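Welcome! Let us walk through this structure together, one region at a time.

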Amino acid sequence: MAHENALEAARIYRERFPNRAHPTVGTILRCVRRARNTGFVSVQRQQLVQFDRGVRRNINREEAILNEFENDPTNSVRRVAENVGVSRQLVHRVIREDGLHPFHYQRVQHLLPRDQMQRAIFCQVFLAQCRQDETFPDNILWSDEAIFTPNGIFNSKNFIMWQHQNPHAVRQCAFQFRWKLNVWAGIIGNRVIGPYFLPPRLDGERYAQFLENHLPILLEDLPLQMRQTMIFQHDGAPPHYSRRARMVLDRHFPDRWIGRNGPISWPARSPDLNVLDYFVWGYIKNRVENVRDRNVEEVRENIIAAFNTITPNVAHRATRQIIQRARLCIQQQGNHFEQLMH
């Protein structure tokens, strides 16, 4: 901002930060010179790093650092530095040279012992159909519902504001006037169906009415041949398992629907095998996270707008990813596999 003029930089600093200690022109020049020569503005930081780099390699100390991580892989660099009595820069250097990398946990659905076999069988049947017809994945209408509320999931470390001065921003939570949107959506091949807004409290009767009266309207734009051969999928949620809902599916999709105890049985607790769960809902919720504090109508409009950003190419790639997921599920004998996804 001062165009490399230290006097002007000192003046700007005084105006912008009137309540802080103001650096002199000499201090600014020394900081710039130090940064150019060493890469560090702080004298203390420069001395600390130079100390670590200048000291002879201490094998015992480096072994102690690596042992800390071997004994507890969840250790932090700060904690290890304190335990061993070295700087964090040295810890970073040692673990980098050893080839250690930080990895995040992968959140997965809890599985019961009996689930693994059911998941493996489902994937084996699915891949067998794919081998007979490579377009088989494009014939399945994957569907699911998701709940949207004002609170959402807010992580202060992921949401930041870039400002010259601290804006002292706040984010409200625990709203007094709460709302809840229950959103249904489907995806088949490269086409996204919906969204459709269901009642907040969904039961078997209301879900059956949706299948009977509203789903056919949502599918009107699909080619007739696709509607006649498509396979409808939903999970084993209680409303999906109601007697009337199953009767409607038997009438509209005879022997062509996937669900709990359906003609094609859906394995319980398998969101990692449903395109809506492993792609669509995460994508949509990320796009509307910043408007959750608005009124329900504005959020509804933003949800619809977010769905419109899913292009046919993106939808098709997400749908075809189920093939890779099915293979990994079989490889893991029905156990968790998302940690293996690349």
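The axes of α4 (residues 59-71) and α5 (residues 77-84) come within 10 Å and cross at roughly 135°. On the α4 side, the contact (heavy atoms within 4.5 Å) is made by Arg61, Ala64, Ile65, Glu68 and Phe69, and on the α5 side by Val77, Val80, Asn83 and Val84. By type, these residues divide into 6 nonpolar, 1 polar and 2 charged.

A word on what you are viewing: this is a predicted model, in which local features need pLDDT of at least 70 and side-chain atom pairs count only at pLDDT 80 or more, while totals for chains, interfaces and linings use all residues. Residues are numbered from 1 along each chain as its sequence is written, and side-chain values use heavy atoms, leaving out hydrogens and water.

Of its 43 residues, Phe126, Trp142, Phe148, Val280, Trp281, Ile303 and Phe307 touch the most other members. Helix α11 (275-288) gives the largest share, 8 residues. Leaving aside residues up to four places away in sequence, Val280 touches Ile187, Val275, Phe307 and Ile310.

Finally, look at the loop between β1 (140-148) and β2 (181-188), where Thr149 is found. Thr149 has a relative accessible area of 19%, so it counts as buried (under 20%).

Terms used
Axes fitted to C-alpha atoms, helices over the stretch in contact; angles between N-to-C directions. Helix = DSSP H or I, 4+ residues; strand = E, 2+ residues; numbered from the N terminus. Nonpolar A, V, L, I, M, F, W, Y, C, P; charged D, E, K, R; others polar. Buried < 20%, exposed > 50% of the residue type's maximum accessible area, 1.4 Å probe, protein only. Core = buried A, V, L, I, M, F, W, Y, C linked by side-chain atoms within 4.5 Å.
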